[in-house]
Amino acid sequence: MLRLLLSMTLLNPTAEPPLDAVPAARVLTPGGDRLGYAPAARPRPDTGVLIGHDPVAGTAVMCGGAVLRSRSRSLVLTAAHCLYHRGRPLRGLVFMPGYEGGRAPMGVWPAVRSWVPAGWRNRPDSPARLPYDLALVGVAGKGRSALESVTGRGLRPVERGTLSRRRALDLLGYPAGRHYPGTRLYHCLGEAAPYRGVLVTHNCHASGGGSGGPALYGGAVAGVVSSSSPLSDPAGFTVLAPLDSRPFTRMLAKADRVMRRG
């Protein structure tokens, strides 16, 4: 049986994975490495990084994020745990779409509001929390320009019920560590199957820095990279928090309404 006893490897880029963390026969990404990932052909304007600061630890924390299509045109999708470090809320959170090589060609967008599902807030740190590892971040416009006026239209969420069976997804993120720069977009093709409220792919083993990145299904976003099995696992897997749920739909409607009111 699949064990959802997950480590914090996605927030620990110094953890060193084994060379065969994904068996070669399972790697679906052309040119994919030992974790199933390969550099993306080019940066994407709808995908970037969120960076925040933990003033207690004096640490900067980076996660992936994606522009989510909304009427307010100001929402970024990421993982709920990406808003915290060791249980403490991050300060000075900013989003940089199209991030590449340490540069932010579309600007630095400061966060002004954030939302996480009640299922995340009201549960202890356990596998039961994983289906709710989703967050929305509202970012401040630049003058009269909203985020989507600069990046183009954001990714639309999948429709309810889309993820009830196995789907082919493309996971995006900015892995960091000895074998990854942390400043370049990578992707991994994987078949993700539903399991106890989350999606699990054995074709991709997300490394440090990979949290919060979107998992794409066609032209829509199906989920968010949440966690992985320990990087010492020779048959590693990645867990995705899915978007096709009622709590996420309610959270999106609320966040969009608040950001439209300014």
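Which strands does helix α3 (residues 246-261) lie across? Helix α3 lies across β3, β4, β8 (109-115) and β9, and runs at about 130 degrees to β8. The model is predicted, so local features need pLDDT of at least 70 and side-chain atom pairs count only at pLDDT 80 or more, while totals for chains, interfaces and linings use all residues. Residues are numbered from 1 along each chain as its sequence is written, and side-chain values use heavy atoms, with hydrogens and water left out.

**Strands and barrel**

- Helices (H or I, at least four residues) and strands (E, at least two) are DSSP runs, numbered from the N terminus.
- Strands of a sheet pair through backbone hydrogen bonds, either parallel or antiparallel.
- In this model, 6 strands close into a barrel in the order β2-β3-β4-β9-β8-β7, and the pairing is antiparallel.
- From one strand to the next, the twist averages 40 degrees.
- Two strands count as paired if DSSP finds at least two bridges between them; β4 and strand β9 (residues 135-139) pair in the antiparallel sense over 4 bridges.
- The bridge partner of T78 in β9 is A135.
- Angles run from 0 to 180 degrees between N-to-C directions, and axes are lines fitted to C-alpha atoms, for helices over the stretch in contact; contact means heavy atoms within 4.5 Å.

- A disulfide is a covalent bond between the sulfur atoms of two cysteines.
- The rule applied here is a pair of cysteine sulfur atoms within 2.5 Å, and by this rule the count comes to 2 disulfides.
- C63 and C82 form a disulfide, with their sulfur atoms 2.1 Å apart.
- The torsion about the S-S bond of C63 and C82 is about -85 degrees, so this disulfide is left-handed.
- Because C63 lies in strand β3 (residues 59-68) and C82 in the loop between β4 (75-78) and β5 (84-85), the pair ties together parts that are 19 residues apart in sequence.
- C63 and C82 are both buried, where buried means under 20% relative accessible area, exposed over 50% and partly exposed in between (1.4 Å probe, protein chains only).

**Disulfide of C188 and C204**

- C188 is joined to C204 by a disulfide, S to S 2.1 Å.
- The link of C188 and C204 is left-handed, with -95 degrees about the S-S bond.
- C188 lies in strand β14 (residues 186-195) and C204 in the loop between β15 (198-201) and β16 (214-217), so the pair ties together parts that are 16 residues apart in sequence.
- C188 is buried, at a relative accessible area of 0%, and C204 counts as buried at 0% relative accessibility.
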